Amino acid sequence: MKGKNKYIIVWCVVKCFSLLSQPVCNNPTTANCSDVVGGSSRFYMTTNPNIVFTFSDIRDYYRGIELCGATQLRLKIDSNNINCKWKLIMYIDNNGFIPSNEWEPILYYGNTGYAPQLNLIEVKVYNGCGTPLNNGIYQIFTNNTNHDVIEIIPELPVQNLPGNCDGNHVNSAGSYLTHYNEYNFNIDYRIKPDFNLKLLPGVYRIKINFCLVEVP
């Protein structure tokens, strides 16, 4: 497929938010973990935060585009006491654009078609020990609205310690430096637009935000 008026470019900006940064993270008032903001814990993203999908060929629409390992998160969680527990979530953000289920438009290349919806993007999280919820499985933001959340490490009533590498959702103090496969998270992204969606050519943007949150 040729011609600029046939292109669809979707731009995903990946950001990391630490404790107390965003209301959607729902951080409690406990201080069992050393706060990422003022303490010694760290939240690293070692990859480019800008992810661009460009659909300029008919094969891209039918096969889709998959970006493997496009985001890598590394956690170092220090404790203030033995009760340190945390959760890790991601949520989608279209910068407050209305309708709340559509990507934010940056530029249109035509006037025929429909804007892409937020559930167009699929996200897969995995690591070497299988600790994420739905490890290695592509997921979508099922509510298809701004600030919809997908849990990576859910809020749990129990504390799972590192070292076993058995698929448990490790959620206690620890570090990628000593238990790499439990505190490192790889994220793939996939978009399969298909011609049946009749998308309006243009440039669109969303944000995928990652939140590390202490839990009581």
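Mentor: A search of the whole structure finds four aromatic pairs. Rings of Phe, Tyr and Trp (its six-membered ring) pair if their centres lie within 6.5 Å. The model is predicted, so local features need pLDDT of at least 70 and side-chain atom pairs 80 or more, while totals for chains, interfaces and linings use all residues. Residues are numbered from 1 along each chain as its sequence is written, and side-chain values use heavy atoms, without hydrogens and water.

Trainee: Why is the pair of Y44 and Y176 called edge-to-face?

Mentor: The planes of Y44 and Y176 are 75° apart, with 5.6 Å centre to centre. Planes over 60 degrees apart count as edge-to-face, under 30 as stacked and the rest as tilted, so the label follows. Y44 is in strand β2 (residues 42–45) and Y176 in the loop between β9 (174–175) and α2 (180–183), 132 residues apart; strands are DSSP E runs of at least two residues, helices H or I runs of at least four, numbered from the N terminus.

Trainee: What makes the pair of F55 and Y61 tilted?

Mentor: Its angle is 50° between the planes, at 5.8 Å centre to centre. That is neither stacked nor edge-to-face, so tilted remains.

Trainee: Why is Y44 called partly exposed?

Mentor: Its relative accessible area is 33%. Buried means under 20% and exposed over 50%, with partly exposed in between (1.4 Å probe, protein chains only). Y176, at 15%, is therefore buried. F55 at 1% and Y61 at 4% are buried too.
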